[in-house]
Amino acid sequence: MQFDPFIIPFNIGLYFILGYVVLRSLRWFMELSRPDKLRLQRGFFGRAFGQSLREIFMESLLHRSIFKANFRLGYMHMSLAFGWFLLIFFGTIEADIFGEKHLNAPYKAIFFKFFNPEHGRSGFEAAYSFLMDLILAFILTGLLLAIVKRFFSPVVGMKKTTKHTATDRIALTALWLIFPSRLIAESLTSGAYGTGSFLTGSLGNVLADFLPAGRMAYPFWWLYSIALGTFFIMLPVTRYMHIPTELFLIFMRNSGIRTGDRQGTYSEVETFSCSSCGICIDACQLNFAAGVTDIQGAYLLKNLRNGADTSRIAANCLMCGRCDSKCPVGIELSPIRMIRRRSGDAQWSYRNLYNGYLRNRQSLPQVKKELKPSFGFLRKDDPDQADVVYFAGCMTHLTPSISRAMINILEASGLSYSFLDKGGGVCCGRPLMLAGKDHEAREVINHNSGLIWKSGAKILVTSCPICFKVFRESYHLDAEVLHHSQFIKRLVDTGKIKMNFLRKKVVYHSPCDLGRGSGIYSEPKELLAHISRLEPGSFEDDNSLCCGGSLANAVIGSKGRKKIASDMAGKLTAMHPDILATACPLCKKTISNATGVRVADIAELAAEALVRKTVPGFVQAQSVSSDAPDAVSGVNSANPGNLSRVCPVN
Amino acid sequence: MIMAGSVIVIGAGSAGMEVSGVLARSGVSVTLIEKTANTGGHVKNWHHLFPDHRDGADVVSYMGVRAGHKLVNILTGTEIRELSRKGGKFHATTEGGSELTGDAVVVATGFDLFDCSRKEEYGYGIYDNVHTSAELEEMFRAGRLTTASGKEPEKIGFVHCVGSRDEKVGNLYCSKLCCVTAVKQAIEVRKKLPRSKVFCFYMDMRMGGASYEELYREAQEEWGISFIRGKVSEAGEMIDHRIQVKVEDTLVGRPLKLELDMLFLMAGMEMSEAGARISRIAGLKTGENRFLLASDNHYGSNRGNVEGIFYAGSCTAPMNITETISHARAAATEVIDYLNGINLK
Amino acid sequence: MNRFGFSLSKGRQINYDTNDRSAAEYVIAGEPSLLACIECGGCASTCTSGNFTSFSLRQLNILLKRGENDSLRDELRKCMLCGKCTLVCPRGVNTRNVILLAMEAFNKSQDYAV
Amino acid sequence: MKPEGKKRIWSDYQKEMADDKFFYVRSCIRQSFFPGSEQFFLNLMRNILGKDVYENPAHTTCTGIGYHSDIVLPATIMTVIARHFALMKEAGYKNIVISCVTSFGLYTEILETWKHFPGELEKTREYLWKATGREFDIPETVAHTSDIVYKFRDPIAEKAKVSLVDSNSGKPLNVVEHIGCHYAKMFPKSGIGGAEFPRVLSGMIEAWGGNVVDYPERRHCCGFGFRQYLVQANRGYSVSNTEKKFSSMKPYKPDFVLTNCPGCNMFMDKWQYTIKELEGISYGENGESIPILTYEELAGLVLGMNPWDLGLQYHMVQPEPLLRKLGIDFDPADKFRTKDGRQMPVPENLINA
């Protein structure tokens, strides 16, 4: 029986953390909703299992996503995670093969050198020692990078790095000590016995030359064990909890579980899966354009983990979704933020270390609801009946050029349509939702839904991506919901209207709620490519920027918005386009104030490109452009099309 | 060009001093008459000027240099009793009996500040803690801004349009400088007394000059001064000698009551008594606002109804210092043309 | 009802000195841009809710600043947060935050949600 | 407070008043609710100051209460007032002296109207002629009775037996003067001292040894407001205005309020009782209420008249504490006793009693 008291800290830590993780996982599982439990069971015993294992390997060990975003950061994460995994994996094999017996206790593998100091002198043993030294060296390079990052983040390509709590710092120190202490302990032991490979052997020889290596090794083995034990014990109350939690998250996600709009196990697992890598911080325009550096996803989750008040952080976000699309762990940051917004400034009771380990379920106090309706004053008018109902939206009423263009296009299409909010409508409800006021939002949603149902619409067209998103996601409508860019595209495709070609160089800005928010990328770009010289930009699709005008953020003032708008306008107009096209009245209004380049909504450009028919009573398009568009023959082959192609329901 | 000729300039405020200096440098000999003992007009009473809080003394010393020419003969403590024109020359008799002659006359009699005691409801001259804007400048200059009992005031109010835009006192016009003066003084009060709260009661904020609106915004954003739209209808002295004011908060349509430690009345500008006297003596026409009537609203603001008599500065309408100095320079060119026999009327 | 058949009526006068201005101070501390308001009414004239009912952010802001809090709690709830007011404000007042902070202030001070 | 500032304003608002030969018209409220005041005015003028004051028993109400309640039309009230001028003309008098501030305001307003709209004057002549066959002249001077008492304040002071000082401490009493709105607010030139800092009552108080209290709400209406009181549903407004006035004067600890208007006197007196009943608030010291006196009552006290002859007991707020403070002897037994010694019914709910 090989035993030495120095392994006790390690053993305590290891068994503690293993037990803790098992219990925590069980508890998470128990707290899952019934449907989510079923999903997880099905996922665990189905196809998702293999998928999850693969993802665990690719992401949790290799950190492929971080590699994609940032090579040096990816290498840092990989060397630590994958390297440690290899060290344990091969260490266990090493102990199994070269140890006194098979199937050893874990400490035998971890402290193999201590118990087998003579090991690795020659042949296969030496080769294996070489492998182990190689892995250790691999980890140490990553560790070096991590230390440099901590003090000088741009080295790893990060502009900003997360700030640490006191417990984080203790755990971090322990983590940093693990591998150097192993290196020195192994080296000293190797030096004393003349074993060890290129790293530990060489370093050991050097040290043994002027130090009593044999006697000095022992304290370092203690240090190594204490560092490991401390790290494991601290793990549950630090961000390093992400290491075990992420595995659970991957299984849950692959089983089809999502954040949803309520606090639950999944969002808690997500919260603990964040490694604070900081990619969300670099992606955030509030950070790089407006200098707001303490509200990003990593901070939100950190504060959630620490039980701090997150109401201020939750409120200060554009909800543009750039961080969601870039998070290497796949944490749904925006939905988590929305949960916090709904809960107002309600806080968790967790304040002390004890609760950190055995925390209460992250239940939130019930949000107080007003029973009286907020919008009882809304009239129940009867809308005009039409197949196509156009809803301009509040913001479009401040950019009448867009609604005017849409009316011109609708007139030209010859379809039966009505302008639902001609005299000024009721808000779609999304701004209320974004402020966490779902109950109030439901009131206006019900009101608008009633109007749309009564209008008999088969297609609901809106000019505002904000309205579009909420119409699609939160309204229960019989009508097909289209953004005007989709609708115009369909009119063109079905030959209802014809377009001239505008000889203009256009760059397209994808609005957040239309693009990342609703996945509508191609139609606007195809339409623009059809009527103009659309240039590819550097911020396309998932990588598009927010204009800064977002209604989701009520905290930043006009100065902050202006900074974001100027920054993004500068980036989008770097190629000197004639027109910066967008598909959102709010984007248009926000960007217009930040650039000298003409900013136009896609509907305005379409109306300008519209081939006019001289029909009595037809409202002439108001061409903003001074030069007349050229008719390009053959672009639109005469395609009579019928209504059924536009309105599939008919 | 050296010119022969002599001009009598009445009033040695900023307009009179500027017009005299310009004329003298063109070779015209000037007799500058001032009824008070000192030159410098109202500006010398102003501690700091809007919109940049510069020292009023700067402008006074500038004017002193400008008018300090050997061809300018300054007669202070002198008033004109008679003014007539004989054989192409103006003859003036002073109260002291001395005779002056000139080829032309420039009236630069400026304005008088409205006598705030005429707005009885504010209790000026009766309540201990009601003062005028001009008195506040004196307090700033003395470096002592306290209530009558010597305490540091915590709440201070400014009433705009006292004696302006008020049919009850016969002044229908806007004095146009009081708004910006109130804003300037409110900021200075906040600077001097950082714990104080300052309220401006206005009818309209007329911030038309260069940098005025910016100053207004600064007053709101940086100094937290409250602007309440409504004319103070009455002020009453409380038992502790503070002032209770009543105003309608017109933008919510509710009456508002407020207790203040000090109340400052933004005195408007009126035609000066001296100017009114000159207009009677020389037969100069005045407008309904009692200021001297210009021969043309657009291009005749330096001339009136008597040939050879020119107007400079705020004897024609309320003007700020910048406008007064420009108007005075314009008057000088009109005088020079006249002396050269060029009649551009 | 007493035996006189009438009672002292509550005046309409705003008593600035006795009113509780803590809600206004809370809002201004969180959103200092409110100080720049010139009460022009741009917000109220473009207001989506104001199109249907007597809701005026301009008036609300003034009452808030004066500490006339009684009617505000119910009035604030009429806002749909659509953000048009923020876009039209000539002084760059972050109006939506003003409303949210005012709601928060009343939530904190009153044991009752806006 | 700077008295010299007020003096400057008073010098701007002096009015011409006759010295003798007055035509007297009465007040509806005063002759009904506290007739001692009008009684003493005639006594003072005729017997103490030796003036000629003529009163025609055929004169009527001016109809001011009806006018201010939108019941009486302007043409009607002008004709009623023209009739009083006709009575004056017939009696050979040229100086009218009016007991009521509302009437005084109306007389002033009508005379101003006739000055600016002579057609109205001609129409009124015609109406009066058609209705009564009378003719009238515009009076030479128009005075309120308080103007006349003010005018003779110094002769009264010379004959004074009582000074407005606390007989115990020797300090002057603090007196609030309340001027009826219709006295000078419409036409500041028609009132002594103008509308902002009226002199008419403060002159009497100072001449008779008292100290005038100037408080923030001194201009505020007593609360009567005609239809505010006449319509029961509106009385809350009426009484709240009174409340506002009294709470503003309370810190000054006034010993009594002097009024020159019948309505003010009645409402400042009776609403104190009502507020005490409604809210439990009283405005004087030691839980007492503040006595409200007319200038005739005050002149009477100063001249040593029996308080019960002046009718002080007919106010809601009883005068005994004030009389004791002034050192005036009175017989409580006489309070509600007729001249021939019969006991009259004692009113209920009197305060300060």
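Modeller: Of the 650 residues of chain A, 52% count as buried; a residue is buried if 20 or more other C-beta atoms, placed from the backbone, lie within 10 Å of its own, exposed if 12 or fewer, and partly exposed in between. This is a predicted model, in which local features need pLDDT of at least 70, side-chain atom pairs count only at pLDDT 80 or more, and totals for chains, interfaces and linings use all residues. Residues are numbered from 1 along each chain as its sequence is written, while chains are lettered from A and ligands numbered from 1 in the order in which they are written.

Biologist: Among contacts in chain A between residues at least 6 apart in sequence, what percentage join residues at least 24 apart?

Modeller: Two residues are in contact if their C-beta atoms, placed from the backbone, lie within 7 Å. In chain A, 74% of the contacts between residues at least 6 apart in sequence join residues at least 24 apart.

Biologist: Which chains share the most contacts?

Modeller: Chains A and C do, of the 4 pairs of chains in contact. Their contact takes 20 residues from chain C and 23 residues from chain A. On the chain C side, helix 5 (84-88) and helix 6 (95-109) each supply at least two residues. By class, that side has 8 nonpolar, 8 polar and 4 charged residues. Here Ala, Val, Leu, Ile, Met, Phe, Trp, Tyr, Cys and Pro count as nonpolar, Asp, Glu, Lys and Arg as charged, and the others, Gly among them, as polar.

Biologist: Where do chain A and chain B stand, and how far apart are their closest C-alpha atoms?

Modeller: No contact joins chain A and chain B, and their closest C-alpha atoms lie 14 Å apart. Chain A and chain D do not touch either; the nearest C-alpha atoms of this pair are 30 Å apart.

Biologist: How many residues does the contact take from chain B and from chain C?

Modeller: Chain B gives 14 residues and chain C gives 15 residues. The elements of chain B that give two or more residues to this side are helix 5 (212-221) and strand 17 (254-260). Strand 17 of chain B provides the largest share, 6 residues. The residues on the chain B side divide into 5 nonpolar, 2 polar and 7 charged.

Biologist: How many bridges join strand 17 of chain B to strand 1 of chain C, and do these strands run parallel or antiparallel?

Modeller: Two strands pair if DSSP finds at least two bridges between them. In this case 2 bridges join strand 17 of chain B to strand 1 (residues 14-15) of chain C, and the strands run parallel. Leu256(B) stands opposite Ile14(C) in strand 1 of chain C.

Biologist: Which order do the strands take in the open sheet of 3 strands in chain B?

Modeller: The order is 6-7-8, with antiparallel pairing. Strand 6 (80-86) and strand 8 (99-102) of chain B are the edge strands, each pairing on one side only. Strand 7 (residues 89-94) of chain B is joined to strand 8 by 4 bridges, and Thr93(B) stands opposite Glu99(B) in strand 8.

Biologist: What does the domain assignment of chain B give?

Modeller: Domain bounds come from an automatic or database domain assignment. For chain B it gives domain 1 (6-110 + 272-339) and domain 2 (116-269). The centres of these domains of chain B, taken over C-alpha atoms, are separated by 31 Å. Their contact takes 11 residues from domain 1 and 18 residues from domain 2. The domain 1 side has 4 nonpolar, 7 polar and no charged residues.

Biologist: Is the pairing in the open sheet of 4 strands in chain D parallel or antiparallel?

Modeller: The pairing is parallel, and the strand order is 6-5-7-8. The edge strands of this sheet in chain D are strand 6 and strand 8 (292-294). Between strand 5 and strand 7 of chain D there are 4 bridges; the bridge partner of Glu177(D) is Leu258(D) in strand 7.

Biologist: How many residues of helix 11 of chain D are buried?

Modeller: In helix 11 (residues 200-207) of chain D, 6 of its 8 residues are buried, among them Val200(D), Leu201(D) and Met204(D). The buried residues of this helix pack against several elements of chain D, including strand 5 (174-178), strand 6 (211-213) and strand 7 (256-259). Just after helix 11 of chain D, Gly209(D) takes a positive phi of about 100°.
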